[in-house]
Amino acid sequence: MATLETQQLDEVIVSSRRRMLALGGAAIAGLAFAGVKLAEAQSAPAYTDSDILNFALNLEYLESQFYTLATAGKTIDQLGLGIGAGTSATGGGTVVTKPGGPAACLVPWTIPAIQAYATETAQEERNHVSFLRGALTSSTVAMPNLDLYNSFNTLANAAGIATAFDPFANDLDFLIGAYIFEDVGVTAYSGAAPLITTPAYLAAAAGILAVEAYHAGLIRTSIFIADPTGSAGLQGYTQQISATRMALDGSSTVDDIGVGFQTTSTEPTGTALGAATIVDAQTGSPNYSKTYSRTTTQVLQIVTGNATPPPTGTKFTGVFFPAGLNGLFS
Amino acid sequence: MVPGLTTAQQNYLYEIAQNELDHVRFLRSALGADAVARPNLDLMNSFNAAAMAAGIGPSFNPFASYEALLVGAFVFEDVGVTAYHGAAGLLSNTPTGKTYLAAAASILAVEAYHAAEIRTLLIADSVANATTTSTLVSPSNTYVGYANQISTLRASLGGGNESPLTPLPPYAVPFVSTAYTPASSIVAADPTNSIAFARTTDQVLHIVYATASGAGVTGGGFFPNGMNGNISVTQS
């Protein structure tokens, strides 16, 4: 049934594809990351629950700025959220946005449902920032410097998607931008939750993990709705991003799967295309449909674009965090 | 088997089926000799009773159509999230407990992916079946409404802990994004801090047994003879 929504989607996909193609052939910079693996065992520093929550707060600052720019054309501090150290509202880092500033980041939405999803997600990520700051009080780290412009160009290049990528250009490019974050949030909280010792913090972390997974499910389902056969290219982009994340985190086994198709044991034989991969987890033995976990180091490798850790005592820097994260895990 | 599914609808459902089967296999394997047998299940009278209690109608067949199946899936998925969330904190602080916690967190996440998927598909379906004129698109909220009636029922049985779906409001053609400001509610979470809800095992038992509060309930709803294992009788 050709509904209004599918017509709108078709139009956006066509224009999006045309623009992507106009950007030229796929970059091969992603090869620079290929084959770089490191031992997964990391020597963990002595840490407290506050260190773990502050690590999460760095990621929430990043996510909340992205969604708030996309839906409000403003930064979270322009909306009144505190970004300073401790209980100070001010004194946090800067955000590099696309030319034109925060207002230029407001997505020219054409699909009402996706705009509503983005508006919801922005509010929830802001709530996570407020919650963590409220829980950490005087221990709160300030927002580090963030980059939401060059970062996407660099990642798109590394993933072989295009030489430049603007996640604020339209509804579907926004979905791809969001895709970059959400599954990483799930694996980061999943990896960090067992490190937490205070029961109340553990429960909160599990509750935020669940919300990040709701977000990831929302984004991945929306991408599948927009590109149900893969012919529009969106599925391919997610697979390229997942492959890049996996190359960056140095995992020796599969720990990231893009939106696409898989064969499962439960489907009738001869099924067209098989099952989808909405959930970022391998089915069957030995993983049995459990999401993956990443160490704090693996998450740092992804969000700063460094497959190789920096010298001991120096921070991971680059991509979304040009001056590194704030706090012990950095 | 649900009739008339499109290819994409099959793609979604085959994956969820496989994920849930995998979780059964994983848990049975992790539990070894401690694994309980599958209890008796009811996937017919249970849905009819739930539909009656929720005010949807005298009967409800979740296998009748794609939309009906989404509502049927909605009955389960958010409950799975709250159940794993509530239970995670009960696992011990020992190395073994932490190992189980990591697994439980990963299954919790998958249940949340599923819950978001089902909720997103319900909203997308309301748009796909919208009433459209030359100037206005009005999403069809029949099945979103059924899901929300289920949500209200669950809240009454399971201590609140629910976020109803926000139906997408009508929008003008051509669409003007700057005049459109609703937020969806795909995520089920406490609206003040956006942390997902947790339910106690007792609250979960009351939902799946379809019984209001009270101690000593041993079965009902989806488990006509009760669950197997130590946590199977309501405590309050």
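Student: Which residue just after α3(A) takes a positive phi?

Tutor: This is a predicted model. Helix α3 of chain A covers residues 112–136. Just after α3(A), the backbone takes a positive phi of about 40 degrees, and the residue is Thr137(A).

Student: What span does α3 of chain A reach from its first C-alpha to its last?

Tutor: The helix has 25 residues. At 1.5 Å a residue, 36 Å is expected. The model comes close to that, with a reach of 36 Å.

Student: Why is α3(A) described as largely enclosed by the rest of the structure?

Tutor: Buried here requires 20 or more other C-beta atoms within 10 Å of a residue's own. α3(A) is largely enclosed because the buried count among its 25 residues is 20.

Student: Which element gives the largest share of the side of chain A that touches chain B?

Tutor: The contact takes 64 residues from chain A and 62 residues from chain B. Elements giving two or more residues to the chain A side include α1, α3 and α5. The largest share is 19 residues, and it comes from α6(A).

Student: How many residues on that side of chain A are nonpolar?

Tutor: The side that touches chain B has 5 charged residues and 24 polar ones. The nonpolar residues number 35.

Student: Which residue in β3(B) stands opposite Leu136(B)?

Tutor: Chain B holds an open sheet in the order β1-β2-β3, with antiparallel pairing. β3 (171–172) is one of its edge strands. Strand β2 (residues 136–138) is joined to β3(B) by 2 bridges. Opposite Leu136(B) stands Ala172(B).

Student: What ipTM does the predictor give the complex?

Tutor: Chain B averages a pLDDT of 96. For the complex, the pTM is 0.92 and the ipTM is 0.97.

Note on methods: Residues are numbered from 1 along each chain as its sequence is written. Chains are lettered from A and ligands numbered from 1 in the order in which they are written. This is a predicted model: local features need pLDDT of at least 70, side-chain atom pairs count only at pLDDT 80 or more; totals for chains, interfaces and linings use all residues. Helices (H or I, at least four residues) and strands (E, at least two) are DSSP runs, numbered from the N terminus. The expected span of a helix is 1.5 Å times one less than its number of residues. A residue is buried if 20 or more other C-beta atoms lie within 10 Å of its own, exposed if 12 or fewer, and partly exposed in between; C-beta atoms are placed from the backbone. Two residues are in contact if their C-beta atoms, placed from the backbone, lie within 7 Å. Ala, Val, Leu, Ile, Met, Phe, Trp, Tyr, Cys and Pro count as nonpolar, Asp, Glu, Lys and Arg as charged, and the others, Gly among them, as polar. pLDDT is the predictor's confidence in each residue, from 0 to 100. Two strands pair if DSSP finds at least two bridges between them.
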